[in-house]
Amino acid sequence: MRQFLSHDFPDERGTILINGTDFKHFRAVRSKVGDMVRVLLPNQNLVLMTVAKIDLAEKSLTLLLCENEAAHSEQKTKRIWLFQFVPKASKFEQIVRQATECGVERIFPVISEFSSDGATNMNFRSERIARIIREARQQSGSRVETSVENAISVQDLCVLWKKERESCGDFPEKKRALVFWERNENTKNVFDALGENAENIELCALICGAEGGISAQEIALIEKAGGVPVHFQTNILRCETAALYGIAVVQQKIERGVKNVGTAD
């Protein structure tokens, strides 16, 4: 476990009491007295704590704050949003888990022409989704508070992104939207779409289709809203693979200004 997401602050003694499902998680990873744990507090401060006590009878564990020790320096990452056209529930959950591990800030389920049957009845803000996010953040160490929003339409997506672009005023290049398309006509490779000054991008929106892809009509709407169609010169990817692949390539480019990553164009 890279970090523990605490619902509570340390008390006046500098301790946090762990019980319930969180206690089971500590036991599952075989925590023992003396182990050091990175704890992300509700205010997003990351501190080091030690396992001070394990009470098997009470099924509780006590963490003790280590004074004057910081877990690591504050992470500064570029903001990434994922507009995911809704696939089957199991695939959507996998995408949420992987996107959370990568530090995606907001995930927008999009009801599209090729979304799976029953997409409109899915609960995208359920306790199960919240648990998936929490576990992924604890496992990966992500300090980004990933959230899954309520489902929107393609038209809603376009309106939302237009407003985001307008909020940049004279600097619209600070916010970019890339739409991953399985067809290659009238598309750019990802590096051309991000531009030479990709490190100046503050928010990048990634738009990924469902199992059936994205229709030409939907692509046209997104282009009018400022989205750039992108085609990967690679094998045919499943939607859950395409989302992860796209996040990784874009993240490397805007975070570090890398010229080339993997085999993606």
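1. Which residues does Gln-138 touch, not counting residues up to four places away in sequence? In this predicted model, the answer is Met-1, Arg-2, Gln-3, Phe-4, Leu-5 and His-25. Gln-138 has its place in helix α3, and with a relative accessible area of 4% this glutamine is buried.

2. The secondary structure comes to seven helices and twelve strands, and the C-alpha trace spans about 65 × 40 × 35 Å along its principal axes. Of the 265 residues of the protein, 47% count as buried. If we take the contacts between residues at least 6 apart in sequence, 76% of them join residues at least 24 apart.

3. The largest nonpolar core has 34 residues, and those with the most contacts inside it are Leu-82, Leu-178, Val-190, Leu-194 and Leu-206. Two or more residues of this core come from each of the strands β6 (79-85), β10 (175-180) and β11 (203-208), and likewise from each of the helices α2 (89-102), α3 (127-140), α5 (190-194) and α7 (239-256). Helix α7 gives the most to this core, with six residues.

4. When its neighbours within four places in sequence are left aside, Leu-206 is in contact with Ile-80, Trp-81, Leu-82, Phe-83, Leu-178, Phe-180, Gly-246, Ile-247 and Val-250. There is also a second, separate core of 21 residues, which includes Trp-81, Cys-158, Ile-207 and Ile-219. Trp-81 therefore deserves a careful look on the screen, being in contact with Leu-206 while being included in the second core, where buried nonpolar residues are joined through side-chain atoms within 4.5 Å.

5. Helices α2 and α3 pack at an angle of about 35°, with their axes 8 Å apart, and their crossing is right-handed. On the α2 side the residues that meet α3 are Phe-92, Glu-93, Val-96, Arg-97, Thr-100 and Glu-101, while α3 brings Arg-128, Ile-129, Ile-132, Ile-133, Ala-136, Arg-137, Gln-139 and Ser-140. Sorted by class, this contact of α2 with α3 has six nonpolar, three polar and five charged residues.

6. How far apart are the axes of helix α4 and helix α6, and at what angle do the two helices pack? The axes of α4 (residues 154-166) and α6 (residues 216-224) are 9 Å apart, and the angle is about 15°. Because angles under 35 degrees count as roughly parallel, α4 is roughly parallel to α6. The crossing of these two helices is right-handed. Val-154, Gln-155, Cys-158 and Lys-162 are the residues of α4 that meet Glu-218, Leu-221, Ile-222 and Lys-224 of α6, and by class the contact has four nonpolar, one polar and three charged residues.

7. Most residues other than glycine have a negative phi. Gln-44, in the loop between β3 (36-40) and β4 (46-55), has a phi near 75°, a positive value in a residue other than glycine. Asn-186, in the loop between β10 and α5, also has a positive phi, near 55°. Asn-186 is exposed, with a relative accessible area of 71%.

8. Is Ser-142, a loop residue, buried or exposed? Ser-142 is found in the loop between α3 and β8 (147-148), and it counts as buried because its relative accessibility is 6%, where the cut-off is under 20%. Leaving aside neighbours within four places in sequence, Ser-142 is in contact with Gln-3, Leu-40, Thr-100, Gly-103 and Arg-137.

9. With a relative accessible area of 45%, Phe-171 is partly exposed. From C-alpha to C-alpha, Phe-171 and Ala-243 are 27 Å apart in space, and in sequence they are 72 residues apart.

Notes
Residues numbered from 1 in each chain as written. Predicted model: local features only at pLDDT ≥ 70, side-chain atom pairs only at ≥ 80, totals over all residues. Heavy atoms only, no water. Buried < 20%, exposed > 50% of the residue type's maximum accessible area, 1.4 Å probe, protein only. Helix = DSSP H or I, 4+ residues; strand = E, 2+ residues; numbered from the N terminus. Contact = heavy atoms within 4.5 Å. Axes fitted to C-alpha atoms, helices over the stretch in contact; angles between N-to-C directions. Parallel < 35°, antiparallel > 145°, perpendicular 65-115°, else oblique. Left-handed = near helix turned anticlockwise from the far one by under 90°. Nonpolar A, V, L, I, M, F, W, Y, C, P; charged D, E, K, R; others polar.
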